[in-house]
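Please look over the structure below before reading on.

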Amino acid sequence: MTAARLRIPAEANSAAWFFLAPALVLIGIFFFLPVAAAMLLSLTDFDLYGIASPLNTRFVGFQNYSRLLRTPDFWLALRNTFYFAFVGGPLTISVSLAAALLLSSKLVRFKSVFRTIYFTPFVTTLVAVAIVWRYLYHTRYGFFNYALSFVGIDPIDWLGDPAWAMPAIILMAVWKSFGYNMLIFIAGLQAIPEELYDAASIDGAGPFRRFFNITLPMLSPTLVFVTVITMIGYFQLFAEPYVMTQGGPLRSTTSVVLLMYEEGFRWWRMGYAAAIAFVLFIVILLATLVQFRLQKERA
Amino acid sequence: MTAVVHHDPGSSARQRDRLARILLYALLVIGAVMALLPMVWMVSASLMPSGEASTYPPHFFPSRVTLDHYVDLFTRLNLGRYLLNSAFVAFVVTASSLAINSMAGYAFAKMRFRGRDRLFRTLSTGLVLPVQVAMLPLFLLLKNLGLINTYWGVIIPGLASIFGIFLVRQYALAIPDEMLDAARVDGASEFRIFWSIVVPGIVPILATLAIWTFLATWNDFMWPLIVLSDESRYTLPVALANLAGEHVQDTELMMAGSVITVVPVMLVFLFLQRYYIQGVMAGSVKG
């Protein structure tokens, strides 16, 4: 140890807090404190009267949670959110991986051009593209039904039919977000040593065997990361149904976050909405833990 | 060179490669068309005369190019105001995020103080907490501070971010300790060291952080929607969602509004792509 090193800690301690204080104070007050408060809020009947005067608020224990579990709308929102995450998530990841594989081929040039094009939808404003897609899905004038008419498929009422509204939102979400995962996959693919493929080729393994025996296993940490990130994001579905369907038709696209928004910020049942938010948190936490556990077991 | 060309094993391999290459390009081009089509149609429809986007069969290109809808948006519908609101909010959040997160990220990476690692671990648990959980109490807190329906209500939750601290810390770890210690021996103050040694060394990650923060703030919808009730303070996405409700039939007008919302972020992305993509990679390494 040098003299300089020995001298540092005492001074550095106070200097470090000077550097940390703004961030810690802001994140503490405007993030961690509200999260903790949300827990308490979910145990009260805080509503419009509570906003007028906090004295109107009573502690109700787990009543909000038990009421949630008895409310069909909540189960429907949970089901819709799962539908979006468990169909849209794997679909997005598959498309991302396919695009990454195409762009990693040694036979292809202009990679950066294609990469930029594929990534572009990801940086766009969700609200704006949701509005664009709402028109693309128009039953009479939209491009989707026009394209389908060429293969003899009758017009689909994409956003007006409870059976089609969620698939329509999923399709848009895949388009919007596959580019992000694609970039991460490309980086993961580049990290796989070339010798593995060469050795497999010499052993006579075809492209499919090379994919399943080398690419996929070597990519599995990346795959877990991408899955976790995608699922966390997809469980928070909100703007797409808010803009495209207002949660309809027949609440078929009302997500958990949209329900929380409506209960909390439209009807001001904030205690109840806080309980919904916590259920969302638990769902996300469980899904994340399960994915990491699966990864460990396979490893 | 041999005379029996058709027995050359390289020839059939080359032919297979050519076929594969054609197939690959075909798939890539189809993908590119699908990725771009909605955006191209958005721009195209925004230039159509009223009603043309609602015809069958659908027109892909305008029969006559008109800027009427853009004029309408800026004169009658106040879009300039929303554009300024969005720009103001995004600039303030970005500037603050740069200053505050870089200081904290550097401290976590390079400064020695008690409880550093424990504190950092606690902070990182915040990454798995969905922001929506904080929204309800945050609203009540800001309401008590009189900040609901103000720009500051939108800005304050974005002033510092855990992700930003992560990003900077990871990059700052590579700064050699010797360099910092040498400056200390020379009697430089900690802030001086930060400003004239650390900051120049982490410029690339600051660029990444700036672009991410700017785009995320510009595109953010849910929180501004909750906080802002006065129309004159709306950010672009909130104003656009609101317009979309009132002008459902005005396809061309809505497309023009979407173009104005999307174009600034596209330009930022296209010019500073390298830094943006670096952020994607940095984010993935931490997992």
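A residue is called buried under 20% relative accessible area, exposed over 50%, and partly exposed in between (1.4 Å probe, protein chains only). By that rule B:Glu190 is buried, with a relative accessible area of 15%. This is a predicted model, in which local features need pLDDT of at least 70 and side-chain atom pairs count only at pLDDT 80 or more, while totals for chains, interfaces and linings use all residues. Residues are numbered from 1 along each chain as its sequence is written, chains are lettered from A and ligands numbered from 1 in the order in which they are written, and side-chain values use heavy atoms, with hydrogens and water left out.

**Overall form of chain A**

- Chain A has 13 helices and 0 strands; helices (H or I, at least four residues) and strands (E, at least two) are DSSP runs, numbered from the N terminus.
- The C-alpha trace of chain A spans about 80 × 75 × 35 Å along its principal axes.
- The radius of gyration of chain A is 25 Å, whereas a compact globule of 299 residues would have a value near 19 Å. The radius is taken over C-alpha atoms, and the globule rule is 2.2 Å times the number of residues to the power 0.38.

- Of the 299 residues in chain A, 54% count as buried.
- The accessible surface of chain A comes to about 14,100 Å², and 68% of it belongs to carbon and sulfur atoms. Accessible areas come from the Shrake-Rupley method with a 1.4 Å probe; for residues, only the protein chains shown count as cover.
- Among the contacts in chain A with a separation of 6 or more, 67% are between residues 24 or more positions apart. A contact means heavy atoms within 4.5 Å.

**Salt bridges**

- Side chains of opposite charge can pair when their charged atoms come close.
- A salt bridge is a side-chain nitrogen of Lys or Arg within 4 Å of a carboxyl oxygen of Asp or Glu. Over all chains, a search of the whole structure finds 13 salt bridges.
- A:Arg251 forms a salt bridge with A:Glu262, and their closest N and O atoms are 3.4 Å apart. A:Arg251 lies in the loop between helix H11 (239–244) and helix H12 (256–266) of chain A, while A:Glu262 lies in helix H12, so the pair ties together parts that are 11 residues apart in sequence.
- A:Arg251 is partly exposed at 28% relative accessibility, whereas A:Glu262 is buried at 11%.
- A:Arg251 and A:Glu262 also belong to a network of salt bridges with A:Asp73 and A:Arg266.
- In chain B, the side chains of B:Lys110 and B:Asp177 meet in a salt bridge (3.3 Å, N to O). B:Lys110 is in helix H3 (residues 79–110) and B:Asp177 in helix H8 (residues 177–185) of chain B, so this pair ties together parts that are 67 residues apart in sequence.
- B:Lys110 is buried, with a relative accessible area of 9%, but B:Asp177 is partly exposed, with 23%.
- The side chains of B:Arg184 and B:Glu190 meet in a salt bridge (2.6 Å, N to O). B:Arg184 is buried, with a relative accessible area of 11%.

**A loop residue in chain A**

- A:Thr245 lies in the loop between H11 and H12 of chain A, and counts as buried at 8% relative accessibility.
- Leaving aside neighbours within four places in sequence, A:Thr245 is in contact with A:Leu159, A:Ala165, A:Ile169, A:Glu240 and A:Thr253.
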